[in-house]
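Please keep the sequence and the 3D view at hand.

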Amino acid sequence: MQMSTSGASASMGTSGAGGVMVGGAMMTPDKDIVDNAVGSSEHTTLVAAVKAGGLVETLKGAGPFTVFAPTNAAFEKLPAGTVNTLIMPENKQKLTTILTYHVVPGRLMAADLKDGQTLTTVEGETLTVMAKGGSVMLRDAKGGTATVTIPNVVSSNGITHVIDTVLMPTK
């Protein structure tokens, strides 16, 4: 179901049977992580990167996965030209490394993320949870932070949390 919005961020809310609005589209628990993300106008860069990185089949797999999904605006914060460089075929390994750094095995709802908790990503490095006053942030291996702007987007094979910054591994 496609709805027209002005590109405004989805309202935060809990995911009920109906799902959660993200990027003008309803994210529903009957779709997998990829099929939900494809509908979001705020995640076109991420979807293109997942395709370029060859991760579509993985993220359509049984999982479960917890995905921290950067918005288009998050990718735009990277230095000019970074995204275009990363999606070039010769940079597929680096792109895959960055993308798998945003994926954690298991189904982690926001309530499961505790302050100071360390999450081991599919890429192999860790993210540190900073949870305070109902908001959740993640600190990456380089000391950068991302804030969860829309938590608990439930898919058939995991959970997605929308974030406002691309997380960077050390590799």
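## A cis peptide bond in a loop

P64 sits in the loop between α3 (56–59) and β3 (65–70). Helices here are DSSP runs of H or I with at least four residues, strands are runs of E with at least two, and both are numbered from the N terminus. The peptide bond from G63 to P64 is cis. Its omega is near 0°.

## Basis of the model

The model is predicted: local features need pLDDT of at least 70, side-chain atom pairs count only at pLDDT 80 or more, and totals for chains, interfaces and linings use all residues. Residues are numbered from 1 along each chain as its sequence is written, and side-chain values use heavy atoms, with hydrogens and water left out.

## The chain as a whole

The protein chain has 6 helices and 9 strands. Its radius of gyration is 15 Å, close to the 16 Å of the globule rule for 171 residues, so the chain is as compact as a globular protein of that length. The radius is taken over C-alpha atoms, and the rule is 2.2 Å times the number of residues to the power 0.38. Along the principal axes, the C-alpha atoms fill a box of roughly 40 × 35 × 30 Å.

Of the 171 residues, 47% count as buried. Buried means under 20% relative accessible area, exposed means over 50%, and partly exposed lies in between (1.4 Å probe, protein chains only). The accessible surface comes to about 7,900 Å², by the Shrake-Rupley method with a 1.4 Å probe; for residues, only the protein chains shown count as cover. Carbon and sulfur atoms hold 59% of that surface. Among contacts (heavy atoms within 4.5 Å) between residues at least 6 apart in sequence, 57% join residues at least 24 apart.

β8 spans residues 145–155. The strand is mostly covered, with 8 of its 11 residues buried. Two strands count as paired if DSSP finds at least two bridges between them. β8 pairs with β7 (residues 135–139) in the antiparallel sense over 3 bridges. R139 has T145 of β8 as its bridge partner. The hairpin of β7 and β8 has 5 residues between the strands. There, G143 takes a positive phi near 90°.

β9 (residues 158–163) also pairs with β8 in the antiparallel sense, over 5 bridges. A hairpin of 2 residues joins β8 to β9.

## Two residues of β8

Which residue of β9 is the bridge partner of S155? The partner is G158. S155 lies in β8 and is buried, at a relative accessible area of 2%. Leaving aside neighbours within four places in sequence, S155 contacts T28, P29, K31, D32, I33, N36 and R107.

N152 is also found in β8. N152 is not a glycine, yet has a positive phi of about 60°. Is N152 buried or exposed? At 13% relative accessibility, N152 counts as buried.

## Helix α6

α6 covers residues 92–100. Its buried residues are L95, T96, T97, I98, L99 and T100. Their cover includes α2 (44–52), α5 (82–86) and β4 (103–105).
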